[in-house]
Amino acid sequence: MEKTKVVVVGGGLAGLMSTLKITEKNIPVDLISLVPVKRSHSVCAQGGVNAALDTKGQHDSVEQHFYDTVYGGDFLANQTPVKGMCDNAPGLIYAMDRMGVMFTRTSEGLIDLRRFGGVKNNRTAFAGATTGQQLLYTLDEQVRRQEVLGMVNKYENWEMIDLLIDDNGVCKGVVAQDLATMEIRAFVADAVVIATGGAGMIYGRSTNSIINTGAAAAILYKHGVPFANGEFVQIHPTAMLGDDKLRLMSESARGDGARIWTYKDGKPWYFLEERYPSYGNLVPRDIAAREIYDVCVNMGLGIDGKNQVYLDLSHLPADYLNKRLKGILDIYQTFYGDDPRKVPMKIFPAVHYFMGGIHVDWEHQTNIPGLFAAGECDYMYHGANRLGANSLLSAMYSGTVAGPAVVKYIGGLQAAAAETIGNIADLTVKKQQAEHDKLTKMTGKENPYKLHDEMSEIMYRNATIVRVNKDLEETDVKLQEFQERWNDINITDFGGYSNQTIMYVRELRGMMDLARVIVGGALRRNESRGSHYKPEFPKRDDANFLKTTLATYKDGDPEFSWEDVDIQWIKPVERKY
Amino acid sequence: MVDLKSVKYIKLRIKRRDDPKSPSYWQDFQIPYRPNMNIVSVLMEIRKNPVTADGQTVNPVVWECNCLEEVCGACSMLINGVPRQACAALTDKLIEKYGDRPIQLEPLTKFPVIRDLMVDRSKMFDNLKRVHAWVQVDGSWAIGRGPRLADKDQRIAYEIAHCMTCGCCLEACPNYNSKSDFVGPNAIAQVRMFNLHAIGRMQAEERLDALVAKGGIQDCGNSQNCKRVCPKHINLTAHIAAMNRQANAYVIKNFLDK
C-alpha cells in the first residue's frame, strides 16, 4: 500500500509512545493535539513510575509487581494485560533511560527507587518530583526527531471533533478543527489511535489540567464504543485546596517519609499509622482518601475545623527534600506561601484519575476496526483502584502495545484508506461544519461556564468518595436537566478566530454524556470495591459484581451491561492492608 | 504595601486583538475582590461574565493555559511588563506590590499574536530541531540497562530538563526578536544536557556545530535577563557559559585538526 498513514490523537505519554512505535516501522503519523504536545497533562505527574528493577537488595520481582497491582485494583482489572505491563516495565524504563530521562541517581549512578503506596518494596523510579514532565519531554524529543526525519506531521492546537467511519463500520480517520483559524478538515488514515487522557474536568476542580475533559472519549462513546468502568474515579488523598485547581501533592512525599496527621484531644494523631500498622501512610489511595474524609467529615477533626489535614515532612532534612521532592515543594510554596520544609502542608482528597475509560481489547483496539485507544482514556490496567506510579507506566506501556498493534492491523489491510474512503470524509466534514455553525449562533440564556460549575458541584457532592443510591438517582435526573439546558446556551464569544468558547461548549456536551456514565455505573454497582464505596453495601460482592461495567450509548442514554473479568492468574481474595 | 482588606475590586487592563491581522486595543475589567486568586482564575471569572469595567458586554478574553501549576509553560504573558506564568501570578501579591491600580496584561511581544493574550511559540520548538535536542538512540525497544550517570551530572542536567519552552527567557532577551535567528538561551542550555548524557554525547559535535553557526551562541550578549525571568529558576547564564567553553574548545580543535 502506497499512501499508508496513521492518525494519533493526543500528545501525552501514550500518544507519543504510540507515534514512536508506529514511525519506527516506517509508517507516517499525523499527530493531532489540543495543545503543543510538550504541554500535555502527563507533565503534571510527579512521584514516579513503577518497575521491578530490584536494585535495592529486596528481591523485588515482576511477579510481585503484578500481584500488588491486581490486589491494589481489588481484582477488577483483566489480569493478562496487567501481567504484560509488569513483565515489560523494567525494559521500558531502561529504554527511557537510554533516551535521556534524567532519573534521580544512586551513588553508583543507577536509577534510584523509592517506595509508593500499596507496596512494600522500593519499586518506583523517579526524577525528583517531576517524573511525568521528564518522561514526557524525552518522548517529545524523540518524536521531534521523527518529525525532522519526515515521519511525523504535528497538528498542534487542533481538536478532534468526529471520527470517519465508512459504510462497513471501519474507522478511516478523523475530522478535526484548527483552534486558531477554526478550519474544519478531514484527516484520512488507515488507523487511528486515541490517547486523550482522563476527564477530571467533569468535576470542575481536580488535579487535572483544563484540557482533560474526556470530550474525545465521549465522541467514541457516541459512535457506539462502550465506556468501561466509568464509576471508578480515583480520588487522590493529598491535594492542595484551591479556588481554581486542587494541586496534587505527590504520594512520593509519603514514600519519602511524610506523615499524615491531625489533632485529637489536643495531640497529634497519626491516624493512618494507627489504623494501618503494616502500611501506615502508604496505604493505597482509595483507603487513604476515605480515612481522611472520615476523620474530617464524620469525626469533625479537620485542622481549624475545616476539611483538611496535615501532610508533614518538616521533620526531614532540607537537603534530602530538595534532591527528591523540590518540584512539589515549590508548587506548594508558590501557591500557598508556606515553606513545607518548615511547616506541615494542608491537604484534602481530590479527583485525580479515571481507572475506567474506552473499552478496548488486549491489543488496545476498540469494537470499531481501525480505532485504537491508549493511556488514561482506556480502561485496561487499574481495575477498581490504581496504585501510585502505575499510571506513567500504563500510559507508556499501552503505547508500546497499541503502536505495534496498529502496524499489524495495517499489514492486514487490502487497500489504503485514501483509496477507499469515497465521500465519507466530505460528508462528515459538512456535518461537523453545520454543527459548528449552529454553535456560533447559540444565543440562549445559559452561560456555559456557570452551567459547568453547577454540574461539577453536584458531581463532587454525590459521585466521589461516598456514594448513596438515592443521591446518585437524583444526580442522574439533574444531569439530564443540564443536558436540556445545554441547548439554551449563550455562546458569549462571537469572534470568528480562535474561539475557545465554541470548543468548550462542544466539550461540555461530552462531559455531560460521560457524567451520566459515571453516575449510572455507580448507581448499578451495589457493592464496595476499590474507589467505589457505598455505605449501603460496604462489602465487595464478587458473586454479582466481579464484572467490568460497560456503558453503551443508546438513544441519548447510557445502556448498561457487564462483562466477565480475566482472573486466570491470581485467585481473588479479600483485600486487606 | 496595600492593606488587602481595603481592596474591593481586582482590576485588570488587558491588551486585546481579535485576530492576527487586526489592530490591538485595550480594555479594562474588574471583578469583586476575593483572596487567593491568580491571573488565570481572574481571567476565568471574566469569562463567566465578559463585561468591561464601563459596563460593555464584549467577547471573553482568549489566553492559553493548561496545568495551572507552573509546569506546562502554556500561560506565559506580560504581567505589569514582566514575562511570567499567569497561573503563578498571585493577585494578592501583585496588589501588595503594585497597589490598587489595574494589573496590566499583554501578550508576549517576541512572538506572533494569535488572539488577545495568545501567541504562537512554534519557533521555539523549531529551534530545538536546529540544535538536535534529542538523544539519538538506535530505537525505543528494550535492550537492557541504560548508561550509568553520576549523581553530580544528573543534578546539572535535571535542572536544565525542567525547561517548559515557555518563552519568558526569549521575551526578556535583548538579542532575540521575532525576526532574529538566535536559537535563544533555552536551546543553548538544552545542548548542555544532551552533551552530558553518555549516549547523547556521541552526537555532541552535531549540536556544537549548530551552536557555532549563525544565530548560535555568539549572539548571546550576556545581559543575564534570561536567568532573572526563568520561572523554573534554571541558571541559564551558567549553562550558556559552560557551552561557550565547549564551543570555544570545539572551534580550536577543529582549527588545529585542519
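Two strands count as paired if DSSP finds at least two bridges between them. Strands (E, at least two residues) and helices (H or I, at least four) are DSSP runs, numbered from the N terminus. The model is predicted: local features need pLDDT of at least 70, side-chain atom pairs count only at pLDDT 80 or more, and totals for chains, interfaces and linings use all residues. Residues are numbered from 1 along each chain as its sequence is written, and chains are lettered from A and ligands numbered from 1 in the order in which they are written.

**View 1. Strands β7 and β8 of chain A.** β7(A) (residues 158–165) and β8(A) run antiparallel, joined by six bridges. A:M160 has A:A176 of β8(A) as its bridge partner. Five residues lie between the strands of this hairpin, and A:G169 takes a positive phi near 75 degrees.

**View 2. Strands β8 and β9 of chain A.** β8(A) pairs with β9(A) (residues 184–188) in the antiparallel sense over five bridges. Here A:Q177 stands opposite A:I184. In the turn of this hairpin, A:M182 has a positive phi of about 70 degrees.

**View 3. The open sheet of chain A.** Five strands pair in parallel, in the order β6-β2-β1-β10-β18. β6 (152–156) and β18 (371–373) stand at the edges with a single partner strand each, so one side of each has no neighbour in the sheet.

**View 4. Strands β2 and β6 of chain A.** β2(A) (residues 29–33) and β6(A) pair in the parallel sense over five bridges. A:K154 in β6(A) is the bridge partner of A:L31.
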